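I am opening a notebook page on this structure.

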Amino acid sequence: MKRQIAYFLVVFIGFLTLLGHFINYSPLNNFIDNDATQWFDIISGFAAFLGVINLLQLHLNKVTNKRANWEYSIVTLAGFTLMIIFGFIYNGSEVAMGPHLKEKGSAFYWMFENIYLPLGATMFALLAFFVASASYRAFKIRNFEATLLLISGIFLMIGRVPIGQLIPWWMALEIYICLIFAIIANRFKERKVMLYSLVIAMTTIPFLISFFNLSHLAIFKIPDLQEWIMAVPATAGSRAIMIGIALGTIAQSYRIITGRERSILGD
Amino acid sequence: MNKYIKYVFIPGFIFLFYFFFPFPIFLPGNETTFVCIIFLCFVIEYFIEKAKSGEKIYMRPIAAIKAMEEAVGRATEMGKPVLYIPGISSLDQIDTISGLTILGHVAGMTAEYEASLHVPVCVPIVMETAKETCKEAYLKKGRPDLYRNDMVHYVTDDQFAYAAGVNGIMLREKPAAVFFQGKFYAESLILAETGNSIGAIQIAGTGSSSQIPFFVTACDYTLIGEEFYAASAYLSGSPEMLGSIKGQDYVKVACIILIVIVFISSILNGYGYTHFDISSLFRINVIK
């Protein structure tokens with residue numbers, strides 16, 4: 001019975017919310033835009049207490065039973081207690097309790113400004129190092145796709161910095177020639193042949209481009225090339241994923257609203 | 001005949017009612033959305049019925065979903081825990097709900113294999129739902145004795161504090177399998193790279209398109225786009241659910257055909273062979 005009520009509520013509120021997006025009836029629109037979200041906020045607010053209780057229970061148990069890594073739990077509990085004291089008991093400034101949370105002289109504000117914010121910024125800054133290590137792994141040449149990723153990554157990086165603007169068309173052309181030879185290198189049986197071919201290509205092709213007056217083409221300007229990579233292949237890929245996500249969202253919502261997807265309720 | 005009434009007449013009637021009803025009971029501006037939703041729902045319903053009638057449905061194998069059981073099995077063999085991270089958003093995000101539905105299946109696997117499951121949560125209301133999901137999954141597998149109350153626990157509401165907390169858990173407990181299933185933001189790479197550094201099998205799934213590249217780089221398997229939403233249905237294995245995925249795939253085919261038509265029409269329009277911009281049909285509020 002308990003579960004049936006939960007299913008009924010999911011189906012009923014789901015359909016109501018869906019209808020609220022299409023039907024022009026102000027009480028219904030008001031319900032889904034304001035009331036329903038407020039109800040959700042109220043329930044979430046109560047759940048916050050459960051979260052706090054869970055946190056305290058877990059760490060107190062760890063400390064009292066001296067389970068593995070219980071020392072860290074002391075730090076968590078100390079931080080929790082300290083912020084509770086500075087938030088509810090000790091003010092440290094001349095303004096009243098409540099507004100003191102945003103008052104510069106208060107103990108709570110000091111903790112927020114000097115401990116909480118720098119710690120958050122530190123974690124965020126770690127991202128830079130993780131991006132570097134992840135990029136290294138992604139750019140490692142293992143197959144054709146990884147090579148393509150590496151090449152487009154290099155063009156994007158060069159094209160987005162000021163020095164990219166200064167690269168002349170013939171240098172961009174030489175880079176392309178080298179890249180093409182890097183890709184077809186294993187097709188040459190003798191190294192000498194490959195070297196001669198590379199030298200001939202690097203010396204003659206720029207003259208041919210210049211002779212036919214093709215140096216103005218966007219492909220020879222790295223900033224323009226990176227713009228094209230971002231605007232065409234990258235956008236096409238991300239839009240394909242977005243369409244898939246939209247379809248998946250609708251299908252998943254349909255399964256939940258019609259009561260078919262019940263895993264969330266343990267079925 | 002019955003099928004024609006259900007899948008041709010009823011949607012046709014809904015569209016006629018929506019577009020030609022004389023009184024303004026429908027909100028203007030949502031026409032394209034309405035048509036797409038009704039079309040998708042009826043196609044899904046059609047394939048669900050087809051699957052229920054016993055027709056065999058082929059599902060293309062998704063490596064990440066197949067690897068889930070392997071990852072739990074590996075964790076069991078190594079005697080290490082399974083870490084499940086349901087993202088940092090609340091229950092108002094479909095990604096979180098999808099993450100929790102997958103959690104139900106993963107919890108079932110850990111109950112079956114007797115592996116230890118650890119679910120640190122960022123939002124209290126998600127914690128309560130995750131607890132219920134795990135409890136039910138363990139009960140369903142006949143192993144309520146293995147369920148522990150501290151299996152699902154609250155860490156913090158703050159994004160980077162949560163990332164720091166989960167990283168700490170990863171480095172201390174060294175889980176053999178890490179699941180990232182839910183809504184993620186900038187913390188995705190911090191978590192995934194830490195998981196990578198401890199050598200865990202990592203399976204990610206998210207609807208945040210901006211985080212997918214990070215997961216693809218740092219994780220062993222990634223559920224991309226609609227695969228993430230289909231994972232729970234796929235894992236359930238019930239014909240009803242598989243039928244819905246099939247229906248979703250057919251709508252995707254319809255989308256591809258539409259894109260090709262718009263592409264050809266735009267070329268013809270560009271060269272002056274036609275004078276009708278078909279793409280305008282797909283912009284909202286143009287049908288009326």
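The entries below follow that order.

Confidence. I note that this is a predicted model. For the complex, the predictor gives an ipTM of 0.88 and a pTM of 0.87. I looked up chain B and found an average pLDDT of 89, with 97% of the residues scoring at least 70.

Chain contacts. I looked up the interface next: 47 residues of chain A are in contact with 65 residues of chain B. Which element gives the most to the chain B side? I find helix H5 (residues 124-140) of chain B, with 11 residues. By type, that side of chain B holds 35 nonpolar, 17 polar and 13 charged residues.

Domains of chain A. I read two entries here, domain 1 (2-89) and domain 2 (140-257). Their C-alpha centres lie 48 Å apart.

Cores. The largest nonpolar core has 96 residues, and I looked for the members that touch the most others: B:Val121, B:Cys134 and B:Ala177. Helix H4 (residues 94-113) of chain B gives the most to this core, 9 residues. Apart from this core I find another, of 6 residues, including A:Phe155, A:Ala172, A:Phe220 and A:Ile222.

I then took B:Ala177 on its own. Leaving out residues up to four places away in sequence, B:Ala177 touches B:Ala71, B:Val72, B:Arg74, B:Ala75, B:Val82, B:Ala200 and B:Ile201. As background, I note that nonpolar side chains tend to be buried together in soluble globular proteins.

Conventions
Residues numbered from 1 in each chain as written. Chains lettered and ligands numbered in written order. Predicted model: local features only at pLDDT ≥ 70, side-chain atom pairs only at ≥ 80, totals over all residues. Core = buried A, V, L, I, M, F, W, Y, C linked by C-beta atoms within 7 Å. Buried ≥ 20, exposed ≤ 12 C-beta atoms within 10 Å, placed from the backbone. Helix = DSSP H or I, 4+ residues; strand = E, 2+ residues; numbered from the N terminus. Contact = placed C-beta atoms within 7 Å. Domains from an automatic or database assignment. Nonpolar A, V, L, I, M, F, W, Y, C, P; charged D, E, K, R; others polar. pLDDT = per-residue confidence, 0-100.
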